[in-house]
Amino acid sequence: MKLTCKELYEFMGDYLEGNLPDDVMCVMKTHLSRCPCCEHYLENYRTALRLGVSCCKEYAEDEVPASVPEPLIQAILEARKKK
Ligand SMILES: [Zn+2]
């Protein structure tokens, strides 16, 4: 089983929450250890999630560090709406 970077991005939230089957977790870990680009994305994702957890309300623009890419924030907001 192989993941593209794009597929990995889509699983990122579940990956961090540990909601994925063991084999998928394993594939992602392997990919992340070999792909600096995805590793960087994971770091940004973690940061954004931390911000989301620490404030219960919607993001105010000035609370988000400039290092977190806008599309990522939108993706997280979308994901949170679904729950
Ligand atoms: Zn990658």
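**Whole chain.** This is a predicted model, in which local features need pLDDT of at least 70 and side-chain atom pairs count only at pLDDT 80 or more, while totals for chains, interfaces and linings use all residues. Residues are numbered from 1 along each chain as its sequence is written, and side-chain values use heavy atoms, with hydrogens and water left out. Colour by secondary structure: the protein has four helices and zero strands, in the order α-α-α-α from the N terminus. Helices (H or I, at least four residues) and strands (E, at least two) are DSSP runs, numbered from the N terminus. Of the 83 residues, 34% are buried; buried means under 20% relative accessible area, exposed over 50%, and partly exposed in between (1.4 Å probe, protein chains only).

**Zinc site.** Select the zinc ion next. Which protein atoms are its donors? They are Cys5 (SG), His31 (NE2), Cys35 (SG) and Cys38 (SG), at 2.0 to 2.3 Å. Donors are N, O and S atoms within 2.8 Å of the metal (3.2 Å for Na, K and Ca); water is not among the atoms, so sites may look incomplete. The donor residues follow the spacing C-x25-H-x3-C-x2-C in sequence. The angles between the four donor atoms are 102 to 115 degrees, which makes the arrangement tetrahedral; for four donors, that term requires all angles to lie between 85 and 135 degrees.

**His31.** Centre on His31, which is found in helix H2. His31 is buried, with a relative accessible area of 15%. Leaving aside residues up to four places away in sequence, His31 touches Leu3, Thr4, Cys5, Leu8 and Cys38, where contact means heavy atoms within 4.5 Å.

**Helix H2.** Now display the side chains of H2. Val24, Met25, Val27, Met28, His31 and Leu32 are buried. Viewed down the axis of H2, these buried residues fall within an arc of 165 degrees, so they line one face of the helix; the arc is that of the directions from the helix axis to the C-beta atoms. The face turned away from this buried side carries exposed Asp22, Lys29, Ser33 and Arg34.

**Core.** Finally, select the largest nonpolar core, which has 18 residues; Leu8, Met12, Tyr15, Leu20, Met28, Leu32 and Tyr45 touch the most other members. Helices H1 (5–17), H2 (22–34), H3 (36–54) and H4 (70–82) each give two or more residues to this core. Such a core is a set of buried Ala, Val, Leu, Ile, Met, Phe, Trp, Tyr and Cys residues joined through side-chain atoms within 4.5 Å.

Terms used: Four donors count as tetrahedral if all angles lie between 85 and 135 degrees; four count as square planar and six as octahedral if opposite donors are over 155 degrees apart and all others between 65 and 115; anything else is irregular.
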